[in-house]
Amino acid sequence: METKLERISQLSRENPDMVFTSIGHLIDKELLRQCHTDMDGKKAVGIDGVTKEMYGANLEENLDKLVESLRRKSYKPQPARRVEIPKDNGKTRPLSIYCYRDKLVQEALKRVLEAVFEPHFYDEMMGFRPKRRCHMAIKKLNVMIEMCYTNYILDADIKGFFDHLDHEWIVKFVESRVKDPNIIRLVRRMLKAGIMKDFQYEESEEGSGQGSICSPILANIYMHYVLVWWFKERIQPNMKGFCGLVVYADDFVVCFQYKHEAEEFYTRLKHRMGHFGLELEESKSRLIKFGRFAEADCKREGTKPETFTFLGFTHYCSKGRNGKFRVKRRTSRKKFRKKCKEINQLLKGELRFLPVKEIIKKLNQILVGYYHYYGITDNGPSLDRFRFKVIDMLFYWLNRRSHRESYTWKGLEEMLKVFPIAYGKVYVNVYG
């Protein structure tokens, strides 16, 4: 099956104007079985309560029934179970949890759509794509700011992106390269499957559920046509000065050389987003002076250079050891506080009464994962501060395990010599 999808990808790459009219047959028993093998069996279950293990107990018969329903066009996804995930600002983020059978079909559909559309996505788009990750987006942004004529940054945020994707526009965008009615029918039915919330059924009028396996590829297709293609083919060729774009999912940053071109683009961007049913979050979207001349310009104006946050890092203007301009990054306050809060809750709850050796082992697993993401050039001080904060929280909760204090600071230091807390280090070099 991989060979068939690779062939579709090759055809799509070699024939930019090609429209596929018959690829629905690729979602067959072989592909669905492969999707079942690769599926994570630890995920939450949908409204039917079926797990991967339960589905796999009678796999061949279940796959035969599923393939037959797809062939007869009678397949209909079940509503997703909706749960609300708390956010730092007191609000919640809706998460859709789908039935296992529907996850298999979503995964198969995602692979087919990726084979068709992936060759046409621009390098500016980094999120949810094979062999790309967030650190590559940061490296690309770093080059645009340090090596190009960047003087202004547009840091933009789309309000409720996944919740406001227009279904008809999604279908039109997919149809631009896929005219197979079987694929289009699947896309429509998945978008219209609805949700179950508090035991009540609600129709899906817009949006693609966060939690759907298909949502990332549909979101990328949407952003490709709404923003990236428009920027590359319509905006960039008509700019007199430098301009560059980097996109990760619904988060993006645009660099400009000239202020008037940045302001004109910002105005046009709002209109374009509105045309496709989206809206910029005005409180989180702003145009700032940023780049090699920002510090000198701001000093003349009696102000300080502004910063912006992208992918969990606060980017700020600074200088290297040679005295030349450099962009540096530190962990954003919001992400720092969020992770500290998570670890504090773990120490207060499930880790608190474990043996010290087990507590340290669990903490180190969390810390190493944290370091792999935030261990980036110039962010060493933030890693050290985070490690110290974890030790501080550990000291506090170890001394709440009984009415008597368990450790003094000296005693904790001696214990940490036996069971050390992992140190942070730089894993990602933005210049490498």
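Start at the boundary between domain 2 and domain 3. In this predicted model, the two domains bury about 880 Å² between them. Carbon and sulfur atoms give 49% of that area.

Now colour the domains. Select 222–331 for domain 2 and 333–418 for domain 3. Domain 1 has two pieces, 4–132 and 163–221. Look again at domain 2 and domain 3: their centres, taken over C-alpha atoms, are 36 Å apart. Nine residues from domain 2 and 11 residues from domain 3 make the contact.

Which three residues supply 65% of the area that domain 2 buries against domain 3? Select Phe313, Arg329 and Thr331. No other three residues of domain 2 supply more of this area.

Next, show strand E11, residues 325–331. This strand gives six residues to the side of domain 2 that touches domain 3, the most of any element. What kinds of residue make up that side of domain 2? Three are nonpolar, two are polar and four are charged.

Finish with the polar contacts. Across the interface of domain 2 and domain 3, three residue pairs are in polar contact, with both residues at pLDDT 80 or more.

Before you leave, select Arg329 once more.

Notes. Residues numbered from 1 in each chain as written. Predicted model: local features only at pLDDT ≥ 70, side-chain atom pairs only at ≥ 80, totals over all residues. Heavy atoms only, no water. Domains from an automatic or database assignment. Contact = heavy atoms within 4.5 Å. Buried area = accessible area lost by both parts, 1.4 Å probe. Polar contact = N/O pair within 3.5 Å; in protein donor to acceptor, adjacent residues only side chain to side chain. Helix = DSSP H or I, 4+ residues; strand = E, 2+ residues; numbered from the N terminus. Nonpolar A, V, L, I, M, F, W, Y, C, P; charged D, E, K, R; others polar.
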